[in-house]
Amino acid sequence: MKIYYIGHSAFQIIGSKNILIDPFISGNPMAADLNGKPDLILVTHAHGDHLGDAVELSKRYNAPIVCMYDLAQHLRGAQTYGMNYGPAKINGVDFVMVPAWHSSSMNGQEIGNAAGYIVKIDGKTIYHAGDTFVFGDMALFSELYGPIDVALLPIGGYFTMGPIEAAKAVELLKPKIVIPMHYNTFPPIRQDPEKFREIVSDRTHVEILQPGEELDI
Ligand code: NI
Ligand code: MN
């Protein structure tokens, strides 16, 4: 199976199912094309750079959207599973919606909480942190659901963790591979991923993907 980077926080996990996460494509200056038809769309929170084209893509590919219950109330015309932090199995995909320390809003209106996802598929465990600062309960994720094969962590700073905080997250999550995300899309989150690699190279393997690149796992 593979992990395909669309850009920003948008990824596809492509194995026995095609799982699309945070499909911010139109309006994203560094977005690559979709890789195959998604079976399920996971959205971490309501901000435009994460919800992105979820509703349109959901309708086009007949792929339901999973998101926080409060956000699902606002997504008209798409099939949604509005849930909250906890484990679920939808369309044959096992995953856990987990907390993230971040806000969530649309057009200035607060909408529910922000989340991350831990996806278990084809014997692999993949954690997408969403937008978040580092928090101690990340240690619970590795305790409960680990070993984590791949962690997708924001490193851009300003809205999320920067490299120092993400390095602490690596210590708590103990993933085999880390892929940095949520950097260089906009000026405030400019970041050199090689610096992040330097900080954590003794703890984990860092894969720096460009939009349109994929990693076999
Ligand atoms: Ni956000
Ligand atoms: Mn964001």
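The model examined here is predicted; local features need pLDDT of at least 70, side-chain atom pairs count only at pLDDT 80 or more, and totals for chains, interfaces and linings use all residues. Residues are numbered from 1 along each chain as its sequence is written, ligands are numbered from 1 in the order in which they are written, and side-chain values use heavy atoms, without hydrogens or water.

The axes of helices H4 and H5 come within 7 Å and cross at roughly 30°. H4 and H5 are therefore roughly parallel to each other. Helices here are DSSP runs of H or I with at least four residues, strands are runs of E with at least two, and both are numbered from the N terminus. Axes are lines fitted to C-alpha atoms over the stretch in contact, with angles from 0 to 180 degrees between N-to-C directions. Contact means heavy atoms within 4.5 Å. On the H4 side, Met 138, Ala 139, Phe 141 and Ser 142 take part; they meet Ala 169, Leu 172 and Leu 173 of H5.

H5 spans residues 163–173. Its buried residues include Pro 163, Ala 166 and Val 170. Buried means under 20% relative accessible area, exposed over 50%, and partly exposed in between, with a 1.4 Å probe and protein chains only. The cover over these buried residues includes strands S12 (124–128), S13 (150–154) and S14 (177–181), along with helices H4 (138–145) and H6 (193–200). Leu 172 lies in H5 and, at 19% relative accessibility, counts as buried. Leu 172 touches residues including Val 134, Phe 135 and Gly 136. Just after H5, Lys 174 takes a positive phi of about 50°.

A manganese ion (ligand 2) has four protein donors: Asp 49 (OD), His 50 (NE2), Asp 131 (OD) and His 182 (NE2), at 2.2 to 2.3 Å. Donors are N, O and S atoms within 2.8 Å of the metal (3.2 Å for Na, K and Ca); water is not among the atoms, so sites may look incomplete. Along the chain, the manganese donors follow the spacing D-H-x80-D-x50-H. The manganese ion and the nickel ion (ligand 1) are 3.2 Å apart, and Asp 131 coordinates both. Asp 131 lies in the loop between S12 and H4, and His 182 in the loop between S14 and H6, so the pair ties together parts 51 residues apart in sequence. Asp 131 counts as buried at 2% relative accessibility. His 182 counts as buried at 1%.

Definitions and conventions
Parallel < 35°, antiparallel > 145°, perpendicular 65-115°, else oblique. Lists of a residue's contacts leave out its neighbours within four places in sequence.
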